[in-house]
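Please open the structure in your viewer and keep the selection tool at hand. The tour below goes from one place to the next and says what to select at each stop.

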Amino acid sequence: MHDPMLHLESRCIHGGQAPDPTTGAVRPPIYTSSTFVQESPGVHKGFEYSRSHNVTRFALERCLANLESSGLAESDDRTSGGFAFASGLAAIGTCLELLDAGATILCMDDVYGGTNRLLQRVRRRSQGLKVVLTDLSDVDALERAAKEHRPAMIWAETPTNPTLKIVDIGAVARVGAACGAITVVDNTFASPILQRPLESGIDIVMHSVTKYIGGHSDVVGGALVTRRLDLAERLRFMQNAIGSVMGPFDAYLTLRGVKTLALRMARHCESAMSIAKWLERQNAVDRVVYPGLASHPHHALAAAQMRLNGASAFGGMITIFVKGGLPESRRFLEQVRMFSLAESLGGVESLIEHPAIMTHASVPDAERHALGISDSLVRLSVGIERVDDLINDLDQALKAC
Ligand SMILES: Cc1ncc(COP(=O)(O)O)c(C=O)c1O
């Protein structure tokens with residue numbers, strides 16, 4: 001079912017989905033077969049080998065393509081421009097293979113630590129990529145950098161991890177089109193429920209489906225979705241040639257998670273807003289960064305760009321600066337009970353972490369300091385538990401630090 005006019009809640013459940021043609025099964029079965037019989041060499045039912053073709057993975061890929069509004073039909077591209085990978089980083093790695101050796105990539109300065117590590121510590125060496133890190137939330141800086149470096153790809157993330165800057169997606173699309181760069185947005189923090197960059201002219205959307213899309217902290221996966229047929233053809237070739245595909249069990253589990261994505265996102269946003277406002281009133285907290293707060297420097301842009309059912313909605317991620325330094329933030333993090341001290345985000349359960357020591361340890365010290373990822377910075381992923389219980393937990397933990 002590909003009706004782009006359906007509401008997002010319905011697209012989570014029906015987008016790209018149809019009952020199994022052989023049995024009528026309402027849910028796509030987990031096809032475990034690694035290979036498929038051929039009647040005669042090269043004569044088959046469209047399935048040869050599971051790295052290239054897998055029914056369960058295709059079902060997820062079509063669903064994500066629908067949710068991200070790829071606009072491609074199955075008659076254009078078999079999975080409507082959606083591609084699933086073994087992890088978010090596998091998706092990023094495959095996407096970077098669109099670039100020729102020695103190409104320039106203009107990248108948001110504050111991105112997930114693993115994205116930074118892959119670019120700077122792997123692809124600089126193995127692919128000769130020239131990596132230009134710029135604060136793309138500053139449109140003038142984006143325009144200047146694009147003019148000066150003529151990048152082949154512009155890589156944005158919004159909201160960013162972990163400082164929650166907001167990048168103007170429309171501006172990235174416009175600047176990318178003007179300089180002939182492929183534009184990519186890592187949409188992991190917002191999910192397609194809050195923003196769909198392809199609708200604003202971005203070429204490729206990337207997800208760590210490990211996060212909100214999977215939603216239950218029980219699967220690692222990644223995805224790319226494109227609205228451009230030429231890029232879909234190249235990505236299909238790359239996905240098969242490189243082979244870092246998502247397996248059928250993970251595709252099944254992720255697709256199951258997607259069914260409740262809209263419901264979960266609404267709750268994440270509502271609870272995070274309440275918690276951010278509460279945190280702003282706490283003495284032990286120096287500063288709260290949440291795009292929904294009027295104090296956020298990009299609040300107006302976030303309000304316009306991140307929408308749920310016609311109203312602004314700002315996601316489930318909050319960053320705070322605890323008063324003091326490492327001893328205080330460490331005590332706070334050791335004291336939480338309902339929030340789990342763990343990497344990752346976007347699950348039904350609330351998580352909390354220390355980016356400087358955990359998720360962003362791979363970012364070089366000088367860059368981390370320049371970005372403001374200090375020892376007092378703590379990142380919260382607000383789950384869907386009862387919000388009062390979460391606030392009580394933070395309250396008792398903040399009193400300890
Ligand atoms: C914004 C963002 N992009 C990409 C990734 C990488 O995804 P994965 O861990 O699934 O490889 C992460 C992981 O935390 C992330 O937060």
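**First stop: the largest cavity**

The largest cavity has a volume of about 40 Å³, and you will be looking for it in a predicted model. By the rule used here, the count comes to one cavity of 30 Å³ or more.

To bring its surroundings into view, select Pro159, Leu164, Phe189, Pro291, Phe314, Gly315, Gly316 and Met317, which line the largest cavity. Next, colour domain 1 (8-258) and domain 2 (261-399) separately: because both domains give residues to the lining of the largest cavity, the cavity lies between them.

**Second stop: the largest pocket**

Select Gly88, Tyr112, Ser208, Thr210 and Lys211, which lie nearest the centre of the largest pocket among the 21 residues that line it. Then show the cartoon and pick out helix H3 (88-96) and strand S6 (204-208), each of which supplies at least two residues of the pocket lining. Helix H3 gives three residues, the largest share of that lining. When the lining of the largest pocket is coloured by class, seven residues are nonpolar, nine are polar and five are charged.

Which residues come nearest to the ligand? Select Leu89, Asp186, Ser208, Thr210 and Lys211, the nearest of the 14 residues around the ligand.

Start from the backbone of glycine 88, where an N or O atom lies 2.9 Å from a ligand oxygen. Move on to the side chain of threonine 210, which has an N or O atom 2.7 Å from an oxygen atom of the ligand. Finish with the side chain of lysine 211, where the corresponding distance from an N or O atom to a ligand oxygen is 2.6 Å. If you then show the protein surface around the ligand, bear in mind that the ligand has 390 Å² of accessible area on its own, and that the protein covers 91% of this area.

Methods. Residues numbered from 1 in each chain as written. Predicted model: local features only at pLDDT ≥ 70, side-chain atom pairs only at ≥ 80, totals over all residues. Heavy atoms only, no water. 1 Å grid on protein atoms, 1.4 Å probe; cavity = no way out; pocket = protein on both sides within 12 Å on 5 of 7 lines; lining within 4 Å. Helix = DSSP H or I, 4+ residues; strand = E, 2+ residues; numbered from the N terminus. Nonpolar A, V, L, I, M, F, W, Y, C, P; charged D, E, K, R; others polar. Near = heavy atom within 4 Å. Polar contact = N/O pair within 3.5 Å; in protein donor to acceptor, adjacent residues only side chain to side chain. Areas by Shrake-Rupley, 256 points an atom, 1.4 Å probe, with all protein chains shown as cover. Points joined across faces, edges and corners; volume = space filled by probe spheres on them. Domains from an automatic or database assignment.
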